Amino acid sequence: MPTAETVALVDVLGSEPRRPGAFRELLRRGTEAVPDIRRGLRHPLPRVREECCRLLDQLLVPEAVDDLTAMLDDPDARVRVAALHALSCDRCKPDADLCRPDRAVIQPRAMRILREDPDPQVRARAAELVGLWVHNDPQAVAALVRARDEDPSPAVRKKAGWYAPGGPIHRRTAPKPPRMFRA
């Protein structure tokens with residue numbers, strides 16, 4: 001059930017001078033604030049929706065993954081960037097494995113965004129999400145290589161190159177071969 005105080009804090013995320021304090025307070029409240037933050041994803045102000053995505057990046061619970069996935073279709077590019085980050089970044093979450101998006105649902109969308117989104121920042125962020133599957137899916141490899149070689153934005157080509165085979169992130173995240181023991 002929404003609390004008036006938490007709902008008010010979500011609304012304050014749209015106020016430039018009061019946003020940082022509201023963000024910190026919602027973060028401090030942790031998972032008890034998540035239902036109101038999830039409702040904030042439908043707020044009329046794009047900045048509030050963006051900040052709610054950023055909050056869910058750190059407070060992600062399995063129930064909110066579908067909500068974040070829906071934000072990939074938001075009309076505001078900043079909201080789409082924040083949603084992509086929340087879905088792809090493991091560093092911000094204490095239990096990232098529990099909240100990983102369903103690959104069958106999210107991977108085709110991420111590859112479509114990487115190929116078709118009109119905003120280069122959104123496409124660059126989509127490269128990170130597609131990069132989650134680059135070591136075990138040839139379609140992810142093909143999408144990243146295509147973006148690396150053909151995207152009109154130099155920033156997208158650079159980011160896709162990091163995740164494509166031979167790139168620094170691809171090398172760093174590659175599964176380690178099994179160790180051979182001598183008898």
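Mentor: Start with contacts. Among contacts in the protein with a separation of 6 or more, 58% are between residues 24 or more positions apart. The model is a predicted one: local features need pLDDT of at least 70, side-chain atom pairs need 80 or more, and totals for chains, interfaces and linings use all residues. Residues are numbered from 1 along each chain as its sequence is written, and side-chain values use heavy atoms, without hydrogens or water.

Trainee: What makes two residues a contact?

Mentor: Their heavy atoms lie within 4.5 Å. Take His170, in helix H11 (residues 168-173). Leave aside its neighbours within four places in sequence, and His170 is in contact with Val134, His135, Trp162, Tyr163, Ala164 and Pro165.

Trainee: What makes a stretch a helix, and how many helices does the protein have?

Mentor: A helix is a DSSP run of H or I with at least four residues, a strand is a run of E with at least two, and numbering starts at the N terminus. The protein has 11 helices and zero strands. Read along the sequence, the pattern is therefore α-α-α-α-α-α-α-α-α-α-α.

Trainee: Why is His170 called buried?

Mentor: Compare its value with the cut-offs. Buried means under 20% relative accessible area, exposed means over 50%, and partly exposed lies in between (1.4 Å probe, protein chains only). His170 has 15% relative accessibility, so His170 counts as buried.

Trainee: Where is Gly30, and why is Gly30 called buried?

Mentor: Gly30 sits in the loop between helix H2 (19-29) and helix H3 (34-40). Its relative accessibility is 13%, so Gly30 is buried. Gly30 and Gln58 are 28 residues apart in sequence, with C-alpha atoms 8.9 Å apart in space.

Trainee: Is Arg28 buried or exposed?

Mentor: Arg28 belongs to helix H2. Its relative accessible area is 59%, so Arg28 is exposed. Its C-alpha lies 10.0 Å from that of Leu59, 31 residues away in sequence.

Trainee: What about Pro138: buried or exposed?

Mentor: Pro138 is part of helix H9. Its relative accessible area of 67% is why Pro138 is called exposed. Between the C-alpha atoms of Pro138 and Pro17, 121 residues apart along the chain, the separation is 46 Å.

Trainee: What span is expected of H9, and what does H9 reach?

Mentor: The expected span is 1.5 Å times one less than the number of residues. H9 (residues 138-150) has 13 residues, and 18 Å is expected. From first C-alpha to last, H9 reaches 18 Å, close to that expectation.

Trainee: Which residues of H9 are buried, and why do they line one face?

Mentor: Ala140, Ala143, Leu144 and Ala147 are buried. Down the axis of H9, the buried residues fall within an arc of 95°, so they line one face. The arc is that of the directions from the helix axis to the C-beta atoms. An α-helix has 3.6 residues a turn, so residues three or four places apart point the same way.

Trainee: What lies on each side of H9?

Mentor: The buried residues of H9 pack against helix H7 (103-116), helix H8 (120-130) and helix H10 (154-163). The face turned away from the buried side carries the exposed residues Pro138 and Glu150.

Trainee: What share of the whole protein is buried?

Mentor: Buried residues are 49% of the 183 residues. The C-alpha atoms fill a box of roughly 65 × 50 × 30 Å along the principal axes.
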